[in-house]
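Let's take a friendly walk through this structure, with the sequence and the coordinates side by side. Here they are.

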2 protein chains.
Amino acid sequence: MTEKITMAHGSGGRSGADLMEKVFAKHFSNEVLDRMEDAAVLDISGRAAVSTDSFVVTPHFFKGGDIGKLAVCGTANDLAMMGAVPKYITCGFILEEGLAIEELERIAASMAKAAEDAGVRIVAGDTKVVEGKGGLYINTTGIGIIPEGRNAGAAGCKEGDAIILSGTLGDHHACILSARMGMENDIKSDCAFLGHAVEKIYAAGAEVHAMRDVTRGGLGTILNELAEASGVDMELEESSLPVRPEVRGLCGILGLEPLYMGNEGKMIAVVPEKDAEKALTALKETPEGRDAAIIGRVTGKGEGEVIMNTPLGGSRIVDMLYGEGLPRIC
Amino acid sequence: MTEKITMAHGSGGRSGADLMEKVFAKHFSNEVLDRMEDAAVLDISGRAAVSTDSFVVTPHFFKGGDIGKLAVCGTANDLAMMGAVPKYITCGFILEEGLAIEELERIAASMAKAAEDAGVRIVAGDTKVVEGKGGLYINTTGIGIIPEGRNAGAAGCKEGDAIILSGTLGDHHACILSARMGMENDIKSDCAFLGHAVEKIYAAGAEVHAMRDVTRGGLGTILNELAEASGVDMELEESSLPVRPEVRGLCGILGLEPLYMGNEGKMIAVVPEKDAEKALTALKETPEGRDAAIIGRVTGKGEGEVIMNTPLGGSRIVDMLYGEGLPRIC
């Protein structure tokens with residue numbers, strides 16, 4: 001019989017301790033976590049980046065990833081976007097009664113692997129159990145260290161900067177949508193850690209004004225956020241936006257716009273014109289960035305307007321996503 | 001009409017940004033958070049303590065507190081128990097569709113106040129929306145700095161140490177239970193930040209071997225955890241355990257054992273015999289510690305056995321809580 005999560009696992013007593021042993025300690029074991037203290041003790045010095053994110057995606061497992069991999073990569077990516085090297089991560093689990101413990105263990109194993117790949121250590125955790133139907137939510141909070149000389153931030157975009165996108169749009173979103181609708185196709189989530197790609201850009205000697213991972217709200221939304229924070233206008237070339245044919249096909253059928261679809265392994269880097277080719281070349285040498293392209297530029301000081309030039313010679317305003325989008329993609 | 005949370009608030013687009021403005025920015029505003037970056041950038045140096053906790057308590061509002069106050073105090077307390085001075089906190093919200101925005105705002109306001117009282121700054125946040133019936137979960141992750149010379153840890157208990165409890169057992173647990181059962185009584189949650197009390201103990205010059213807040217699983221469970229981690233046995237005096245008469249009354253009616261009931265504003269401090277009176281006096285001078293008492297001692301090296309001497313001259317083994325406890329008290 002499949003062993004399931006019960007309210008007793010959330011009581012703070014022996015059953016919770018058993019679950020801790022059997023699932024979390026088994027996969028997450030490291031010298032900090034094994035001390036089982038109320039808080040982890042870490043040596044941190046310098047400028048630290050801290051980010052928190054909760055993950056509620058359904059289904060929990062999908063082509064190219066799962067909620068656990070997403071929870072580690074998503075938070076580590078937020079740190080990397082500030083130019084930080086992710087070091088530590090905490091995991092808060094909210095488990096619904098009835099969740100199969102085997103499923104939880106697969107997710108924990110996936111998180112452990114993702115953490116190893118990203119070079120982060122899981123240093124603290126917490127588990128609560130609530131009524132429900134076997135669902136699960138994961139919060140991850142990450143801490144990274146920003147090496148000297150890096151100053152990437154939303155407000156850093158400057159006139160003339162090139163906007164580089166690391167790869168194809170919409171993959172994660174289209175994958176989750178396909179899984180929910182029971183569609184048979186080959187669309188895989190792009191769920192991946194972006195920190196190695198970021199390090200390549202810096203190692204190539206490129207200056208970086210701003211970075212953002214393309215998640216909820218899609219490219220359209222994040223460019224609006226950056227343009228607004230920096231007080232600049234931006235211009236995109238629609239023909240330069242990479243989208244996989246199978247994702248484009250799905251979007252065509254469902255009337256979706258890849259500009260507002262979330263990814264989980266793509267980023268934009270806003271770099272000075274002089275460093276654009278350097279950064280692009282570096283990015284293309286990484287598995288996460290092999291489809292990278294320069295998709296537009298910062299046109300000058302402004303009110304945060306993002307304009308897209310269409311292949312037919314027209315242009316239109318790209319606004320933020322308003323309304324629903326697809327819920328629970330991350 | 002009461003404005004409610006909808007799936008659109010979780011889309012990452014404009015509606016999410018509106019919610020951010022109206023609720024979170026309004027109450028949490030500070031220079032770090034206002035930058036609206038993917039990650040907060042902080043200057044941290046030295047030994048840092050990091051802790052994460054998710055809060056799922058129902059009802060969301062109760063006598064003496066609410067889920068927001070609990071989320072801030074609970075995580076800040078975990079840091080304080082390591083001797084750390086809490087500095088930063090992140091908040092991850094998982095909102096169920098249908099939650100009244102006014103309720104969310106009351107909770108955010110309460111968190112802001114609790115953060116101010118505890119001297120912590122809310123530096124990063126995230127909001128997700130899921131299907132449901134107006135519920136809400138909050139993850140808080142905290143970072144604190146441990147001043148030089150402090151070395152409190154679960155494994156630090158030594159033979160002869162005094163075990164000091166900061167106040168009455170079971171208040172929070174009994175309050176939540178009363179609210180759930182619709183019982184009319186005056187039992188208030190003890191939900192409070194314990195860091196000021198911890199600072200008083202250190203300021204009095206007491207050495208501290210271990211501290212723990214008495215939460216899920218109750219005093220019985222945490223003493224077992226400390227005894228096991230330190231490889232010592234402990235002895236408690238049942239007659240010395242402070243319990244409010246109204247809480248004792250409720251326990252009597254319902255057959256509950258205060259030893260396994262969770263508090264949210266009580267702690268134990270394990271200190272060398274020579275410093276016991278010093279620490280007790282310091283604790284008693286704080287509002288959180290006015291009912292503090294020495295409740296037992298570390299008897300010597302051992303297998304982690306906790307024995308309780310009863311007022312009638314007998315003794316019994318205090319085990320960890322096994323099984324349900326009361327779910328969702330925090």
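This is a predicted model: local features need pLDDT of at least 70, side-chain atom pairs count only at pLDDT 80 or more; totals for chains, interfaces and linings use all residues.

The side chain of A:R297 meets that of A:E235 in a salt bridge, with 3.7 Å from N to O. A:R297 belongs to strand β11 of chain A and A:E235 to strand β9 of chain A, so this pair ties together parts that lie 62 residues apart in sequence. A:E235 also counts as partly exposed, at 23% relative accessibility.

Strand β9 (residues 232-237) of chain A pairs with β11(A) in the antiparallel sense over five bridges, and A:L236 stands opposite A:G296 in β11(A). β11 (residues 293-301) of chain A has another partner in strand β7 (residues 162-165) of chain A, again antiparallel, over four bridges. In that pairing, A:I164 stands opposite A:I294.

## Salt bridges elsewhere

Over all chains, the structure holds 44 salt bridges. Side chains of opposite charge can pair when their charged atoms come close. One network of salt bridges links A:D171, A:D190, A:R244, A:K266 and A:D291.

In chain B, the side chains of B:K274 and B:D275 form a salt bridge at 2.9 Å, N to O. Are its two members buried or exposed? B:K274 is exposed, with a relative accessible area of 60%, whereas B:D275 is buried, with a relative accessible area of 2%.

## Where the two chains meet

Now to the contact between the chains, which takes 70 residues from chain A and 69 residues from chain B. The area buried between chain A and chain B is about 5700 Å², and carbon and sulfur atoms give 55% of it. A:R14, A:D38 and A:R216 supply 13% of the area that chain A buries against chain B, more than any other three residues.

There are ten salt bridges between chain A and chain B. One that crosses between the chains joins the side chains of A:R216 and B:D126, at 3.2 Å from N to O. A:R216 sits in the loop between β8 and α6 of chain A, and B:D126 in strand β5 (residues 121-130) of chain B. B:D126 is buried, with a relative accessible area of 7%.

## The chain A side of the interface

Several elements of chain A give two or more residues to the side that touches chain B, among them α1 (14-28), α2 (67-80) and β4 (85-96). β1(A) gives the most, with 15 residues. By class, this side of chain A has 31 nonpolar, 21 polar and 18 charged residues.

β1(A) also pairs with strand β1 (residues 40-55) of chain B, in the antiparallel sense and over eleven bridges. Within this pairing, A:L42 stands opposite B:A48 in β1(B).

## A buried histidine

Finally, have a look at A:H9, found in the segment before α1 of chain A. A:H9 counts as buried because its relative accessibility is 13%, and the cut-off for buried is under 20%. Leaving aside neighbours within four places in sequence, A:H9 is in contact with A:K4, A:S15, A:G16, A:L19, A:I101 and A:V129.

How values were computed: Residues are numbered from 1 along each chain as its sequence is written. Chains are lettered from A and ligands numbered from 1 in the order in which they are written. Side-chain values use heavy atoms; hydrogens and water are left out. Contact means heavy atoms within 4.5 Å. Buried area is the accessible area (1.4 Å probe) that two parts lose on being put together, summed over both. A salt bridge is a side-chain nitrogen of Lys or Arg within 4 Å of a carboxyl oxygen of Asp or Glu. Ala, Val, Leu, Ile, Met, Phe, Trp, Tyr, Cys and Pro count as nonpolar, Asp, Glu, Lys and Arg as charged, and the others, Gly among them, as polar. Two strands pair if DSSP finds at least two bridges between them. Buried means under 20% relative accessible area, exposed over 50%, partly exposed in between (1.4 Å probe, protein chains only).
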